[in-house]
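Student: Hey, can we go through this one together? I'd like to start with a single residue and then zoom out.

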Amino acid sequence: MRIAIAGAGNVGRSIAQELIDNGHQVMLIERQPKMLRPDRVPAAEWVLADACELTSLEEANVAGCDVVVAATGDDKVNLVVSLLAKTEFAVPRVVARVNRAENEWLFTEQWGVDVAVSKPRVMAALVEEAVTVGDLVRLMTFRQGEANLVEITLPPSAPYVGQPIHAVPLPRDAALVAILRGKRVLVPSPDDPIEAGDELIFVCTAEVEDEVRAVILGPTTVERGNHDRS
């Protein structure tokens, strides 16, 4: 993919390097000359420009990008970049960094944002994912809350441990997309059994999360979770 990243600070450069390592073509757009450091990510295309200016984005051919990432340290800038990318250049995928938690509610499709990433939220999710066994952990939200990436680490007492995936009656609008087993990442197939200690990664709507939890862990986990939230 061709990806434009607005903001060449530590966050923008880190994202750029990882995407380049994964085989993508990356353009870094930075408005401050002192932050223009091509030696830090030499495989990226570097552009000195203000990503909030329409003419700058036109000259950078943002319309030809598959993804725009608004990764500056300023939420106002990230919102403007997202809006321009989506409304003026019809970029298919816009990912925006949220710097201040109180601004997160603004990062919606009305501002052109497909995925909003708040570092504290991601860190909290990763901490939960690392220590939580026997509950559902939400890792990421897609499309303004329409779907979530969630994880469940299977305890030995889970009802379908040892059974094949096709025997697990997942609700509609839920899909098992990966199984993390030890150091391996498995693409699920219907005949694969699930094992205690597996980390199951699902994409599902928020409305069916409790159903997924009930199927994978048993109905009492939903009752307990609802009681804990009350």
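Student: Okay, Lys 76 first: is it buried or exposed?

Tutor: Lys 76 counts as exposed, because its relative accessibility is 61% and the cut-off for exposed is over 50%. Keep in mind that this is a predicted model.

Student: Where does Lys 76 sit?

Tutor: Lys 76 is in helix α3.

Student: What span should the 13 residues of α3 have, and what do its ends say?

Tutor: At 1.5 Å a residue, α3 should span 18 Å. Its end C-alpha atoms are 18 Å apart, so the two agree.

Student: Fine. What about α1, how does its span work out?

Tutor: Helix α1 covers residues 10-21, which is 12 residues, and should span 16 Å. The distance between its end C-alpha atoms is 16 Å, so that agrees too.

Student: Which residues of α1 are buried?

Tutor: Gly 12, Arg 13, Ala 16, Leu 19 and Ile 20. If you look down the axis of α1, those buried residues fall within an arc of 130°, so they line one face of the helix.

Student: What's on the face turned away from that buried side?

Tutor: Exposed residues: Asn 10, Glu 18 and Asp 21 are carried there. On the buried side, the cover includes β1 (2-6), β2 (25-30) and β3 (45-48).

Student: Which residue with a positive phi follows α1?

Tutor: Gly 23, with a phi near 95°.

Student: Which residues other than glycine have a positive phi here?

Tutor: Ala 90 is one of them, with phi near 50°. Asp 173 is another, at about 70°. Most residues other than glycine have a negative phi.

Student: Where are those two, and how exposed are they?

Tutor: Ala 90 is in the loop between α3 and β5, and it is exposed because its relative accessible area is 58%. Asp 173 is in the loop between β8 (147-153) and β9 (174-181). With a relative accessible area of 48%, Asp 173 is partly exposed.

Student: Switching topic: which residues touch the most other members in the largest nonpolar core?

Tutor: That core has 25 residues, and the ones touching the most other members are Met 27, Ile 29, Leu 57, Val 62, Val 68, Val 81 and Val 91. At least two residues of this core come from each of β1, β2, β4 (67-70), α3 (75-87) and β5 (93-98). The largest share is from α3, with five residues.

Student: What does Val 91 contact, then?

Tutor: Setting aside neighbours within four places in sequence, Val 91 is in contact with Val 62, Cys 65, Asp 66, Val 67, Val 68, Ala 85 and Lys 86. There's also a second, separate core of 20 residues, and Ile 152, Leu 200, Val 212 and Val 215 are among its members.

Student: You mentioned Cys 65. Is it buried or exposed?

Tutor: Cys 65 is buried, since its relative accessibility is 3%. Cys 204 is buried too, with a relative accessible area of 1%.

Student: What does Met 1 touch?

Tutor: Met 1 is in the segment before β1. Not counting residues up to four places away in sequence, Met 1 touches His 24, Gln 25, Asp 66 and Val 67. Its C-alpha is 5.2 Å from that of His 24, although 23 residues separate them in sequence.

Student: Last one: how many helices and strands does the protein chain have?

Tutor: Six helices and 11 strands. Of the 230 residues in the chain, 45% are buried. The chain exposes about 12200 Å², and carbon and sulfur atoms supply 54% of that.

Terms used:
Residues numbered from 1 in each chain as written. Predicted model: local features only at pLDDT ≥ 70, side-chain atom pairs only at ≥ 80, totals over all residues. Heavy atoms only, no water. Helix = DSSP H or I, 4+ residues; strand = E, 2+ residues; numbered from the N terminus. Expected span 1.5 Å × (residues − 1). Buried < 20%, exposed > 50% of the residue type's maximum accessible area, 1.4 Å probe, protein only. Arc of directions from axis to C-beta. Contact = heavy atoms within 4.5 Å. Areas by Shrake-Rupley, 256 points an atom, 1.4 Å probe, with all protein chains shown as cover. Core = buried A, V, L, I, M, F, W, Y, C linked by side-chain atoms within 4.5 Å.
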